[in-house]
Amino acid sequence: MFGLSGKAAVTLSPRAVAQVARLMAARGGAGLRLGVKKGGCAGMEYTLEVAEVAGPMDEVVEQDGARVLIAPMAQMFLFGTEIDYEDGLLSAGFRFNNPNVAEACGCGESIRFKDTPDAP
């Protein structure tokens, strides 16, 4: 929807590819749906869920056997994002290197995008 010809909306690091592929193998489905919603201390939060099927307006990104579906309302906020996966001693999870983010909270789970009004 918001993509440029020949350029994927998001890219995945090798660790993210491996984790998405593991989730798809374990739970089935069409892929990992990525979206955003209002919430958190900075105004917006990323959402992730294993999707049963791709929606008609989802942006589908396939990379090395991993499939990410970008929800329609999130596409403009996520274009150019690199998705990584970190598995540390105290926590594990997806990390987003998103050029559209103006600021993030200390925990890194809540963000504010450039040129968007502050959350109330």
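These are my notebook entries on what I looked up in this structure, which is a predicted model.

**Entry 1: the chain as a whole**

I began with the overall make-up, and I found two helices and nine strands in the secondary structure of the chain. Reading along the sequence, I wrote the pattern down as β-α-β-β-β-β-α-β-β-β-β. Of the 120 residues, 39% count as buried, and the accessible surface of the chain comes to about 7,200 Å², with 53% of that surface belonging to carbon and sulfur atoms. I also looked at contacts between residues at least 6 apart in sequence, and 50% of these join residues at least 24 apart.

**Entry 2: the six-stranded sheet**

In which order do the strands of the open sheet lie? I traced six strands in the order E4-E5-E2-E3-E9-E8, with mixed pairing. The edge strands are E4 (59-63) and E8 (101-104), each of which pairs on one side only. From one strand to the next, the twist averages 35°.

I then followed E4 to its partner E5 (residues 66-70), and noted that the two run antiparallel and are joined by five bridges. Glu 59 stands opposite Ile 70 in E5, while Glu 62 has Arg 67 of E5 as its bridge partner. The two strands form a hairpin with two residues between them, and in the turn Asp 64 has a positive phi of about 50°.

**Entry 3: the helix on the sheet and the nonpolar core**

Next I looked at helix H1 (residues 14-27), which packs on the sheet and touches E2 (31-38), E3 (44-51), E4 and E5; the direction of H1 makes about 90° with that of E5.

Which residues have the most contacts inside the largest nonpolar core? This core has 26 residues, and I listed Leu 12, Val 36, Ile 70, Leu 78 and Phe 94 as those with the most contacts inside it. Among the elements that give two or more residues to the core are strand E1 (10-12), helix H2 (75-78) and strand E9 (110-113), but H1 gives the most, with five residues.

I took Phe 94 from that list for a second look.

**Entry 4**

Strand E7 (residues 92-97) runs antiparallel to E6, and six bridges join the two. They form a hairpin with four residues between them, and I noted Asn 97 in E7 as the bridge partner of Glu 82.

Ile 83 lies in E6, which covers residues 81-87. Is Ile 83 buried or exposed? With a relative accessible area of 4%, Ile 83 is buried, because the cut-off for buried is under 20%. Setting aside neighbours within four places in sequence, I found Ile 83 in contact with residues including Val 10, Leu 12, Ala 16, Leu 34 and Phe 94. I also checked Asn 98, which is 15 residues from Ile 83 in sequence and 8.3 Å from it in space, C-alpha to C-alpha.

**Entry 5: salt bridges**

I counted six salt bridges, and I followed three of them. Arg 15 and Asp 84 meet through their side chains at 2.6 Å, N to O; this pair links distant parts of the chain, with Arg 15 in helix H1 and Asp 84 in strand E6, 69 residues apart. Asp 84 counts as buried, because its relative accessibility is 15%.

Arg 33 and Asp 58 form another salt bridge, at 2.7 Å from N to O. Arg 33 is in strand E2 and Asp 58 is in the loop between E3 and E4, so that this pair, 25 residues apart, also links distant parts of the chain. Both Arg 33 and Asp 58 are buried.

For Lys 37 and Glu 45 I noted 4.0 Å between the closest N and O atoms. Lys 37 counts as partly exposed at 43% relative accessibility, and Glu 45 is partly exposed at 24%.

Note on methods:
Residues are numbered from 1 along each chain as its sequence is written. This is a predicted model: local features need pLDDT of at least 70, side-chain atom pairs count only at pLDDT 80 or more; totals for chains, interfaces and linings use all residues. Side-chain values use heavy atoms; hydrogens and water are left out. Buried means under 20% relative accessible area, exposed over 50%, partly exposed in between (1.4 Å probe, protein chains only). Contact means heavy atoms within 4.5 Å. Two strands pair if DSSP finds at least two bridges between them. Accessible areas come from the Shrake-Rupley method with a 1.4 Å probe; for residues, only the protein chains shown count as cover. Axes are lines fitted to C-alpha atoms, for helices over the stretch in contact, and angles run from 0 to 180 degrees between N-to-C directions. A nonpolar core is a set of buried Ala, Val, Leu, Ile, Met, Phe, Trp, Tyr and Cys residues joined through side-chain atoms within 4.5 Å.
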